[in-house]
Structure formats: structure tokens, C-alpha cells
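Hi,

Here is the structure I promised to pass on. Have a look, and then read on for what turned up.

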Amino acid sequence: MAELLLLNGPNLGILGRRETEIYGTDTLADIEAAVAEEVSHRGWKVVAVQQDGEGELVRAVQGAYDTVGAIVNPGALMIAGWSLRDALANYPAPWIEVHLSNVWAREKFRHESVLAPLACGVIAGLGSLGYRLAARALLDRVAGS
Ligand code: DQA
């Protein structure tokens, strides 16, 4: 069965009770269920990983080379997550970077992502809908599996 990697970085495990005015009220479990729903008709299974530590995220990417694609919200690792960036550089399938908030409408330190140049697309500012849209985009990108 084809698998889609859903990778969430630091502080995203507490969605639903984290600065809800910025990140919304959906929990990570809600988001994982929404992504699973989006891809189920294609027979894809979602492998969901959330870790606060960069090393664990790197290992999750290294262990997911067989997945058909990935949705990655790196959280603050977008700013300087160089080892996550290098792990994704060797990830063989298309992946999309997602941010719940519009990072360019926020503090300057969030305006650049070291990962984004490697992603096939970036979705930001659409809340949890962004994950669904990323799933749809990957369904479109990954033809035939
Ligand atoms: C975030 C944006 C990041 O700047 C922040 O550090 C997060 C969440 C988002 O989803 O909007 O942890 O990735």
C-alpha cells in the first residue's frame, strides 16, 4: 500500500491549545484525520510523525524513502533546520511545505525558510485547510500510484 509521510515539527503536537488565534483550534489528530480522508480514495495510507527534536525528524525522513510524497510543517525549524533540510534534500519523492499561519505577515525571523527551495510547493496562511490542499496537490503530482 502506498504511504504518504505527514511530518510535523516542534510545538505542533499541541495544536488546538497553542496560540489558537494564530494556529486555529484543530488538533494535530484532526489534521492527520483530514489528510487521511483526502488520500484514502487513492488507497494511500498516512504515516504521521510529530517530533519536537530535529534529530528525530531527520530519522523519520531517512526512514521514509519508500513513501510516495510528504507534507512537512517544520515549525520553527524552517528558520535554521539545516540537518532537516539536508535530510529532505535526499528524500526522493515530492514534498510540500505547509504553514498554518501566513509566515510573511508575521515577525521578520519567520520570513525565510531554509527548506522551501527544496519543496515542490509551499502553502501558508490557510490554517489546517493547507494540509488538505497539500494532500490534493500530491495526489495530482504523484500520478499512477
Ligand atoms: C508554523 C510557523 C512557524 O514560524 C512557527 O514556528 C510554527 C508554526 C505554522 O504552521 O504556521 O511552529 O510552521
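The crossing of helix α2 (residues 28-40) and helix α6 (residues 129-141) is right-handed, that is, the near helix is turned clockwise from the far one by less than a right angle. This is a predicted model, where local features need pLDDT of at least 70, side-chain atom pairs count only at pLDDT 80 or more, and totals for chains, interfaces and linings use all residues. Residues are numbered from 1 along each chain as its sequence is written, and side-chain values use heavy atoms, without hydrogens and water.

I31, A34, V35, E37, E38 and V39 of α2 meet Y131, R132, A135, R136 and L139 of α6 (contact means heavy atoms within 4.5 Å). Seven of these contact residues are nonpolar, four are charged and none is polar. The α2 and α6 axes lie 9 Å apart at an angle of about 30°, so the two helices are roughly parallel (angles under 35 degrees).

Next, helix α3 (residues 54-62): L57, V58, A60 and V61 are buried there (under 20% relative accessible area, 1.4 Å probe, protein chains only). They sit on the same side of α3, because their arc around the axis is only 160° (taken from the directions from the helix axis to the C-beta atoms). Their cover includes β1 (3-8), β2 (45-50), α4 (77-80) and α5 (82-89).

Finally, N8 belongs to strand β1 and counts as buried, at 0% relative accessibility. Leaving aside residues up to four places away in sequence, N8 touches L28, V49, Q50, Q51, L57, N73 and Y131.

Best wishes

Definitions and conventions. Axes are lines fitted to C-alpha atoms, for helices over the stretch in contact, and angles run from 0 to 180 degrees between N-to-C directions. Helices (H or I, at least four residues) and strands (E, at least two) are DSSP runs, numbered from the N terminus. Angles under 35 degrees count as roughly parallel, over 145 as roughly antiparallel, 65 to 115 as roughly perpendicular and the rest as oblique. Ala, Val, Leu, Ile, Met, Phe, Trp, Tyr, Cys and Pro count as nonpolar, Asp, Glu, Lys and Arg as charged, and the others, Gly among them, as polar. Buried means under 20% relative accessible area, exposed over 50%, partly exposed in between (1.4 Å probe, protein chains only).
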